[in-house]
Amino acid sequence: MNHLARLLSILTILKSKRITTGGELAKKFDVSLRTIYRDIKKLEESGVPIITIEGRGYSIMDGYSVAPIMFNEAEVNALITAEQLIAKTNDDSLIKHFEQTLQKIKSVFKSTLQSQGEMLSSKMLVVKSKADEVKTTSLSYIQMAIVNFRITELNYKDKNQATTRRKIEPLAIFCYDETWIVVGWCRLRQDYRSFRLDRIQHFKILEETFEDQRFDLGKFLSCDEFNRNP
């Protein structure tokens with residue numbers, strides 16, 4: 001990758017993440033930290049409002065905008081593939097919001113890439129090994145509750161078909177064997193619990209918020225905590 005291409009790529013990364021470290025950039029582009037420092041200085045000299053956060057990394061001032069992103073053929077193919085995969089998920093909210101997002105992204109494709117993307121879409125097929133018995137509609141909204149620290153109320157049916165109303169602090173979400181599961185602090189049980197989205201009969205995102213617990217999903221899963229049934 002030449003110098004100009006690396007500068008543009010660094011700018012794109014800085015715009016896409018809240019904070020990026022020099023080490024992350026050096027590893028991604030396989031260059032030294034000193035080279036990254038020089039690149040950051042070049043961007044600053046060209047007028048990019050980069051903020052250095054001592055001990056944490058780099059960020060870009062809110063409100064700064066760059067020219068529309070141009071996609072290459074491989075990137076377009078990756079998006080078309082993601083579209084096919086997500087269309088086969090069992091959560092309608094994810095399908096709907098991804099379709100809306102992709103429609104906006106496709107609007108900046110060059111005409112040749114649009115044609116190639118449409119051709120690839122017609123020549124791809126994702127086949128699921130089993131039909132989903134239950135459709136879900138909550139994934140996108142649970143994700144928003146997680147990042148905004150909003151208490152969520154659930155009517156939840158457990159494996160024994162017993163239904164209870166819970167208030168949870170949604171902390172993380174993962175997919176296991178094609179089933180989405182939210183992990184949260186259950187105020188009813190006063191403990192961490194995992195909830196399958198396909199067993200949520202009704203949910204409501206409340207105005208009430210909770211404190212960020214710095215929850216470690218990897219540690220939670222490695223302890224097999226998620227196997228505990230609510």
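**Exercise 1. Decide whether Y192 is buried, partly exposed or exposed.**

Solution. Start with the scale: buried means under 20% relative accessible area, exposed over 50%, and partly exposed in between (1.4 Å probe, protein chains only). Y192 has 28% relative accessibility, so Y192 counts as partly exposed.

Before going on, a word on the model: it is predicted, so local features need pLDDT of at least 70 and side-chain atom pairs count only at pLDDT 80 or more, while totals for chains, interfaces and linings use all residues. Residues are numbered from 1 along each chain as its sequence is written, and side-chain values use heavy atoms, with hydrogens and water left out.

**Exercise 2. Find out how many aromatic pairs there are, and classify the pair F149 and F210.**

Solution. Step one is the rule: rings of Phe, Tyr and Trp (its six-membered ring) pair if their centres lie within 6.5 Å; planes under 30 degrees apart count as stacked, over 60 as edge-to-face and the rest as tilted. By this rule there are 7 aromatic pairs.

Step two is the geometry. F149 and F210 sit 5.8 Å apart, centre to centre, with 90° between the planes, which is edge-to-face.

Step three is location. Helices (H or I, at least four residues) and strands (E, at least two) are DSSP runs, numbered from the N terminus. F149 belongs to the loop between helix 7 (139-147) and strand 3 (150-157), and F210 to the loop between strand 7 (200-209) and helix 8 (217-222), so the pair ties together parts that are 61 residues apart in sequence.

**Exercise 3. Work out the strand order of the open sheet and which strands stand at its edges.**

Solution. Two strands pair if DSSP finds at least two bridges between them. The open sheet has 5 strands in the order 6-5-4-3-7, with antiparallel pairing. Strand 6 (191-196) and strand 7 each have a single partner strand, so they stand at the edges, with one side of each left without a neighbour in the sheet.

Next, look at one pairing. Strand 5 (residues 179-186) and strand 6 run antiparallel and are joined by 6 bridges. In this region, G184 stands opposite R193 in strand 6.

**Exercise 4. Name the residues that touch the most other members of the largest nonpolar core.**

Solution. A nonpolar core is a set of buried Ala, Val, Leu, Ile, Met, Phe, Trp, Tyr and Cys residues joined through side-chain atoms within 4.5 Å. The largest one has 22 residues, and I173, V182, F195 and L197 touch the most other members. Helix 4 (73-87), helix 5 (92-106), helix 7, strand 3, strand 4 and strand 5 each supply at least two of its residues.

A second, separate core has 15 residues, including L7, F29, L43 and I50.

**Exercise 5. Describe the surroundings of D39.**

Solution. First find its place: D39 is in helix 3 (residues 33-45). Then check accessibility: at 1%, D39 counts as buried. Finally, list its contacts (heavy atoms within 4.5 Å). Not counting residues up to four places away in sequence, D39 touches H3, R6, L7 and I10.
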